[in-house]
Amino acid sequence: MITFYINDKGYEVTDKWESNCWTSVENPTPEERNFLVSGLDVPESFLSDIEDSDERPRRDEDDGWQLIVLRVPIRRNESRIDFTTVPLGIIIRDDVCVTICNYKTDMLDDFVVYSIRKKISVSNPYELAMRLMLSASVWFLKYLKNINVQMMGFEAELQRNVQNDEIFKLQRIENSLVYFVTSLKGNDVLFYRLVHSKIFREACDEELTEDVEIELKQAEETTSIYRNIVNNMSNSYSSVISNNINATMKTLTSINIIFMLPTFIASLYGMNVTNYLENNPLAFFIVLGMSIVLSLMLSLYFRRKDLL
């Protein structure tokens, strides 16, 4: 889908492309891709780079075109992972400004609504790129709040009963945080490269760059904290599972020993040798009573030693 925006105290949709408008492209069709290449003369190599879901954050230049790739978070309800990150390309030259992402994101729609609500005026495409990086950092924090809620829920479930499903859910969160950590580190490197370039220093005011830096650092620190918490939870519940197994094995071993005692006595008095009870009419009941008494004594001993 392709959308054209013009900025006048917030981004508003326009019907067709205009000079210095923002062209936002999500999940481009072949016709829209052809419009970017043929109509706006966007290098096709840039579009191919953005199609790579593992593309790293970077800045590139080609024949006057600026390509900025940053990683943005998205929600992906799959069995393997809930949240991940995807590349968002920002392509700039003269009066052309294009953002392209091959996935549907909540961030871009929210950014447009926020710009209208706050009546944000963007003077140049480089400022737009910086504001999109700010919005991406904010959305990292929003999704991290959702992850935190999930973590607390899983922790409560694991405290009640350790099941494989809860462990797998915790692993999904850990996978999401790995993607977040890696992407935020890449965005951080990209941010410092941008602020140290002359064109961005002149196009973006100091307050905006400070806001981006603060939000980016906060997202990095929060992700790192949550990742440590998840790792600690995983280690703790691994220990719990190991302790439960040890306790079960201890109980089973104790029960096995208790049942071995009557078997031993019955085997001893069942041998075809002199045992002084072979002519006693109550021999069976004596052996049975001995087995029961000794088993009970052994059970009480194990219970006292907390082995049962």
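**Helices, sheet and cores in a predicted model**

Visitor: How do helix 1 and helix 2 sit relative to each other, in terms of distance and crossing angle?

Guide: In this predicted model, the axes of helix 1 (residues 30-39) and helix 2 (residues 44-51) come within 9 Å of each other, and they cross at roughly 145 degrees.

Visitor: Which residues meet there?

Guide: From helix 1 the contact involves Arg33, Leu36 and Val37, and from helix 2 it involves Glu44, Leu47, Ser48 and Glu51. By type, the residues of this contact divide into three nonpolar, one polar and three charged.

Visitor: And which residues of helix 2 are buried?

Guide: They are Phe46, Leu47 and Ile50. Looking down the axis of helix 2, these buried residues fall within an arc of 100 degrees, so they line one face of the helix.

Visitor: What do they pack against?

Guide: The buried residues of helix 2 pack against helix 1, and also against strand 4 (58-62), strand 5 (65-75), strand 6 (83-93) and strand 7 (96-101).

Visitor: How many bridges join strand 4 to strand 5?

Guide: Five bridges join strand 4 to strand 5, and the two run antiparallel. Asp62 stands opposite Trp65 in strand 5, and in the hairpin of these two strands, which has two residues between them, Asp63 takes a positive phi near 55 degrees.

Visitor: Where does the pairing go from strand 5?

Guide: Strand 5 pairs with strand 6 in the antiparallel sense over ten bridges, with Thr84 in strand 6 as the bridge partner of Ile74. Strand 6 is in turn joined to strand 7 by five bridges, again with an antiparallel run, and there Cys97 in strand 7 is the bridge partner of Ile92.

Visitor: Is strand 5 mostly covered or mostly open?

Guide: Strand 5 is mostly covered, with ten of its eleven residues buried.

Visitor: Switching topic: which residues touch the most other members of the largest nonpolar core?

Guide: Those are Trp22 and Met130, in a core of 56 residues. The elements that give two or more residues to this core include strand 5, strand 6, strand 7 and helix 7 (206-269), while the largest share, 16 residues, comes from helix 4.

Visitor: What is Trp22 in contact with, leaving aside its neighbours within four places in sequence?

Guide: Its contacts of that kind include Phe4, Tyr5, Tyr11, Cys97, Leu108, Phe111 and Leu128.

Visitor: One last thing, is Tyr126 buried or exposed?

Guide: Tyr126, which is found in helix 4, has a relative accessible area of 15%, and because buried means under 20%, Tyr126 is buried.

Visitor: What does Tyr126 contact beyond four places in sequence?

Guide: Leaving aside those neighbours, Tyr126 is in contact with Gln66, Ile92, Ile199, Phe200, Ala203 and Cys204. The C-alpha atoms of Tyr126 and Ala203 are separated by 6.2 Å, although the two are 77 residues apart along the chain.

Terms used: Residues are numbered from 1 along each chain as its sequence is written. This is a predicted model: local features need pLDDT of at least 70, side-chain atom pairs count only at pLDDT 80 or more; totals for chains, interfaces and linings use all residues. Side-chain values use heavy atoms; hydrogens and water are left out. Axes are lines fitted to C-alpha atoms, for helices over the stretch in contact, and angles run from 0 to 180 degrees between N-to-C directions. Helices (H or I, at least four residues) and strands (E, at least two) are DSSP runs, numbered from the N terminus. Contact means heavy atoms within 4.5 Å. Ala, Val, Leu, Ile, Met, Phe, Trp, Tyr, Cys and Pro count as nonpolar, Asp, Glu, Lys and Arg as charged, and the others, Gly among them, as polar. Buried means under 20% relative accessible area, exposed over 50%, partly exposed in between (1.4 Å probe, protein chains only). The arc is that of the directions from the helix axis to the C-beta atoms. Two strands pair if DSSP finds at least two bridges between them. A nonpolar core is a set of buried Ala, Val, Leu, Ile, Met, Phe, Trp, Tyr and Cys residues joined through side-chain atoms within 4.5 Å.
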